[in-house]
Amino acid sequence: MTSTITRTPLTVSDRCDRCGAQALVRVHLESGSALQFCSHHFKEHEVRLRSVATDVQDEQHQLKNA
Ligand SMILES: [Zn+2]
């Protein structure tokens, strides 16, 4: 399966859809839309998100560089 999803790097202006903290994970959905989460909320919903996502852009490693 090939994918042409364009991954735009997450920035400090990208915010968690749940709490407004800096988003570190972007979940791409089949519909073409995307959800953004902080690491806390991504972990909370990770199993369900991975089951519906076409792509999970995980940039939590950025935390260690900050
Ligand atoms: Zn959050």
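These legends describe close-up views of a predicted model. Residues are numbered from 1 along each chain as its sequence is written, and side-chain values use heavy atoms, without hydrogens or water. Local features need pLDDT of at least 70 and side-chain atom pairs count only at pLDDT 80 or more, while totals for chains, interfaces and linings use all residues.

**View 1. Four residues hold the zinc ion.** The donors are C16 (SG), C19 (SG), C38 (SG) and H41 (ND1), at 2.0 to 2.4 Å. Donors are N, O and S atoms within 2.8 Å of the metal (3.2 Å for Na, K and Ca); water is not among the atoms, so sites may look incomplete. Along the chain, their spacing reads C-x2-C-x18-C-x2-H. The angles between the 4 donor atoms run from 104 to 113°, so the arrangement is tetrahedral (for four donors, all angles between 85 and 135 degrees).

View 2. C38 is buried at 8% relative accessible area. H41 is also buried, at 15%, and lies in helix α1. C19 is partly exposed at 43%. Buried means under 20% relative accessible area, exposed over 50%, and partly exposed in between (1.4 Å probe, protein chains only). Helices (H or I, at least four residues) and strands (E, at least two) are DSSP runs, numbered from the N terminus.

**View 3. Three strands form an open sheet.** The order is β2-β1-β3, with antiparallel pairing. Strands pair if DSSP finds at least two bridges between them. β2 and β3 stand at the edges, each with a single partner strand, so one side of each lacks a neighbour in the sheet. Between β1 and β3 there are 5 bridges. V27 has V56 in β3 as its bridge partner.

Notes: Tetrahedral: all angles 85-135°; square planar, octahedral: opposite > 155°, others 65-115°.
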